[in-house]
Amino acid sequence: MSAAERQTEAREGGVAIRAEGLTVSYGPKIIQRDLNFSVRRGDVFVIMGGSGCGKSSLMRVLMGLLPPGAGRVLYGGEDFWAAASARRAEIMRRVGVLFQSGALWSSRTLAENVTLPLEYYTALPPRARRSIASLKLAQVGLAGFEDYYPSEISGGMKKRAGLARALALDPEIVFFDEPSAGLDPLSAAQLDELILELRDSMGMTVIMVTHELPSIFAVADDAVFLDAKLRTLTAQGSPRELLRRGPAEVARFLRRGKGAEDETTEDAGGDAPDGVRAKRAPGAAI
Ligand SMILES: Nc1ncnc2c1ncn2[C@@H]1O[C@H](COP(=O)(O)OP(=O)(O)O)[C@@H](O)[C@H]1O
Ligand SMILES: [Mg+2]
């Protein structure tokens, strides 16, 4: 490693991913523009915003599935999309993904689902892969369910099996797109707790999309709000800070329904030292 690279490494040490001037687009169709934010290592970082504003598309750019229209995605200071494809694959090897549906293979058992990434990325013999699958299933509360098929388990268990598969390669960063979609409130709360436990025990950075207010307040250390009309990021901060001091649009988003109202009365005790970084789009009245 060169001296310059070492300096960059030290500077970026606390940052897992940084977006710089990022535009998310499909051909000429711009979904979000000029996104600038950092995801701190070890944080649960939530991407918020109304339906269709581009949360999933931004995730695709961050996780290497959709090239950006402009700007950069830095992984530990390294420009991901400027890297050669072999290097990009190496970086993505440290990333786990749980897709919205859990996306398990229905013709494979849970253990076989969890071993898929191990078959693809490692030279481990089948017995070792099977042991890792059992371990990962146990970590998500599915010990003993190795030989079940997805159709034989509940929705919440499917999500947890998907989570076990996302964790198979011990990722440093995991992406979750609406992990609790379709779950009853109790299963959703259990999934939130599990995500926090795994973050604490494995030291992962978690980037997730969710619009469930209880989830947002339960898990997010930091969050960004993508505005659908302005097509850019209008605020970053912890949800509690954003609720108290964020732009009106964001506070409204966080206050819809019940539950969030309790949050305004309790917990006034500054849990976010760096506070809210409200961002104003050029010429926008927010
Ligand atoms: N593959 C695609 N090609 C073109 N447009 C797309 C594609 N996927 C999503 N979009 C559009 O991008 C916008 C944002 O979609 P999405 O990222 O799924 O939003 P969200 O996850 O916030 O609901 C929508 O207008 C959607 O129609
Ligand atoms: Mg989406």
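Which residues have the most contacts inside the largest nonpolar core? I started there, keeping in mind that this is a predicted model.

**Entry: the core.** I found that the largest nonpolar core holds 70 residues. Val46, Leu137, Val206, Ala223 and Phe225 are the ones with the most contacts inside it. Leaving out residues up to four places away in sequence, I see Val206 touching Val44, Phe45, Val174, Phe176, Ile195 and Arg199.

**Entry: the sheet.** Next I traced an open sheet of 4 strands, and its order reads S2-S1-S4-S5 with antiparallel pairing. S2 and strand S5 (78-79) are the edge strands, each pairing on one side only. Then I checked how S1 and S2 go together. Strand S1 (residues 15-26) is joined to S2 by 8 bridges, and the two run antiparallel. I noted one facing pair here: Ala19 is opposite Phe37 in S2.

What packs on this sheet? I looked, and H2 does, touching S1, S2 and strand S4 (70-75). The direction of H2 makes about 120 degrees with that of S1.

**Entry: ligand 1.** I listed Tyr26, Lys29, Ile31, Gly49, Ser51, Gly52, Cys53, Gly54, Lys55, Ser56 and Ser57 around ligand 1. Sorted by class, that shell has 3 nonpolar, 6 polar and 2 charged residues.

Which element gives the most to the shell? I got H2, with 3 residues. Strand S2 (29-40) and helix H2 (55-62) each supply at least two residues of the shell.

Methods: Residues numbered from 1 in each chain as written. Chains lettered and ligands numbered in written order. Predicted model: local features only at pLDDT ≥ 70, side-chain atom pairs only at ≥ 80, totals over all residues. Near = placed C-beta within 6 Å. Nonpolar A, V, L, I, M, F, W, Y, C, P; charged D, E, K, R; others polar. Core = buried A, V, L, I, M, F, W, Y, C linked by C-beta atoms within 7 Å. Buried ≥ 20, exposed ≤ 12 C-beta atoms within 10 Å, placed from the backbone. Contact = placed C-beta atoms within 7 Å. Pairing = 2+ DSSP bridges. Axes fitted to C-alpha atoms, helices over the stretch in contact; angles between N-to-C directions.
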